[in-house]
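The report that follows is meant for a reader who is meeting this structure for the first time. It begins with the chain as a whole and then turns to particular places in it.

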Amino acid sequence: MSTESDPDLTVVYNDTCPICAREVAGYKRRTRAQGLDVTYLGLDEAEMVEAGLDRADAARRFHVIRDGELISGMPAFAVLWDRIPGLRWLARLVRLPVIAPLSAALYDHVAAPLLFALHRRRERLGKAWHRG
């Protein structure tokens, strides 16, 4: 279903994180219901190597791959939201000149580190499992 103006999109996310998996499950439902060409990759080692990430890098942040380019953090969310009818407004919002640096800072310095710390704790306790 992709075209040159609407390229394939791959989402790379931490499928062992309950919060991340729940959020991405919502994106999966929306993209599949709309017939959108979006692929979702969890923390499978072979898939991570193919994406140019190791497991820790993949778990640390949200990523998308568009036209072979790896995009991470809030810009990655914006790329995905742009593809989903009903969420395009959110992509536009987080790209506004005042909002973009604030949302990126909150994600980069608060949300992502907190979720990654929780991920590492779950791994230490043997409670990290794939939720696909």
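## Surface, fold and charge pairs

The accessible surface of the chain comes to about 7,500 Å², and 57% of this surface belongs to carbon and sulfur atoms. The model is a predicted one, and the values given here are to be read with that in mind. Of the 132 residues in the chain, 40% count as buried.

Six helices and four strands make up the secondary structure of the chain, and along the sequence they follow the pattern β-α-β-α-α-β-β-α-α-α. When contacts between residues at least 6 apart in sequence are considered, 64% of them join residues at least 24 apart.

**Buried places**

Leucine 43 is found in the loop between strand E2 (38-41) and helix H2 (45-51). Its relative accessibility is 1%, and leucine 43 therefore counts as buried, since buried means under 20% relative accessible area. Leucine 43 and valine 12 are 31 residues apart in sequence, while their C-alpha atoms are 7.8 Å apart in space.

Cysteine 20, in helix H1, also counts as buried, with a relative accessibility of 17%. If its neighbours within four places in sequence are left aside, cysteine 20 is in contact with Tyr13, Asn14 and Leu115. Alanine 59 lies 39 residues from cysteine 20 in sequence, and the distance between the two, C-alpha to C-alpha, is 9.7 Å.

Helix H4 is mostly covered, with eight of its ten residues buried. The buried residues of H4 are Met74, Ala76, Phe77, Ala78, Val79, Leu80, Trp81 and Arg83.

**Salt bridges**

Side chains of opposite charge can pair when their charged atoms come close.

| Pair | Closest N to O |
|---|---|
| Aspartate 108 and arginine 61 | 2.7 Å |
| Aspartate 82 and arginine 95 | 2.4 Å |

Arginine 60 and aspartate 57 both lie in helix H3 (residues 55-60), where they are three residues apart, about one turn of the helix. An α-helix has 3.6 residues a turn, so residues three or four places apart point the same way. Both partners are partly exposed, arginine 60 at 35% relative accessibility and aspartate 57 with a relative accessible area of 34%.

Where do the partners lie in the salt bridge that aspartate 108 forms with arginine 61? In this salt bridge, whose closest N and O atoms are 2.7 Å apart, aspartate 108 lies in helix H6 and arginine 61 in the loop between H3 and strand E3 (63-66), so the pair ties together parts that are 47 residues apart in sequence. Aspartate 108 counts as partly exposed at 30% relative accessibility, and arginine 61 is partly exposed as well, with a relative accessible area of 24%.

The salt bridge of aspartate 82 with arginine 95 has its closest N and O atoms 2.4 Å apart. Aspartate 82 lies in helix H4 (residues 74-83), and arginine 95 in the loop between helix H5 (88-94) and H6, so this pair ties together parts that are 13 residues apart in sequence. Aspartate 82 has a relative accessible area of 30%, which makes it partly exposed, and arginine 95, at 39% relative accessibility, also counts as partly exposed.

Which residues make the nonpolar surface patch of about 260 Å²? Ile19, Leu114 and Leu118 make this patch. Isoleucine 19 has its place in helix H1 (residues 18-33), and with a relative accessible area of 45% isoleucine 19 is partly exposed.

A positive surface patch is formed by Arg120, Arg121, Arg124 and Lys127. Lysine 127, one of these four, is found in the segment after helix H6 (99-124), and its relative accessibility of 47% makes lysine 127 partly exposed.

Key: Residues are numbered from 1 along each chain as its sequence is written. This is a predicted model: local features need pLDDT of at least 70, side-chain atom pairs count only at pLDDT 80 or more; totals for chains, interfaces and linings use all residues. Side-chain values use heavy atoms; hydrogens and water are left out. Patches are made of residues with over 30% relative accessible area and no salt bridge: like charges are joined within 9 Å, nonpolar side chains (Val, Leu, Ile, Met, Phe, Trp, Tyr) within 5 Å. Accessible areas come from the Shrake-Rupley method with a 1.4 Å probe; for residues, only the protein chains shown count as cover. A salt bridge is a side-chain nitrogen of Lys or Arg within 4 Å of a carboxyl oxygen of Asp or Glu. Lys and Arg count as positive and Asp and Glu as negative; His and the chain ends are not counted. The place of a charge is taken as NZ of Lys, CZ of Arg, CG of Asp or CD of Glu. Helices (H or I, at least four residues) and strands (E, at least two) are DSSP runs, numbered from the N terminus. Buried means under 20% relative accessible area, exposed over 50%, partly exposed in between (1.4 Å probe, protein chains only). Contact means heavy atoms within 4.5 Å.
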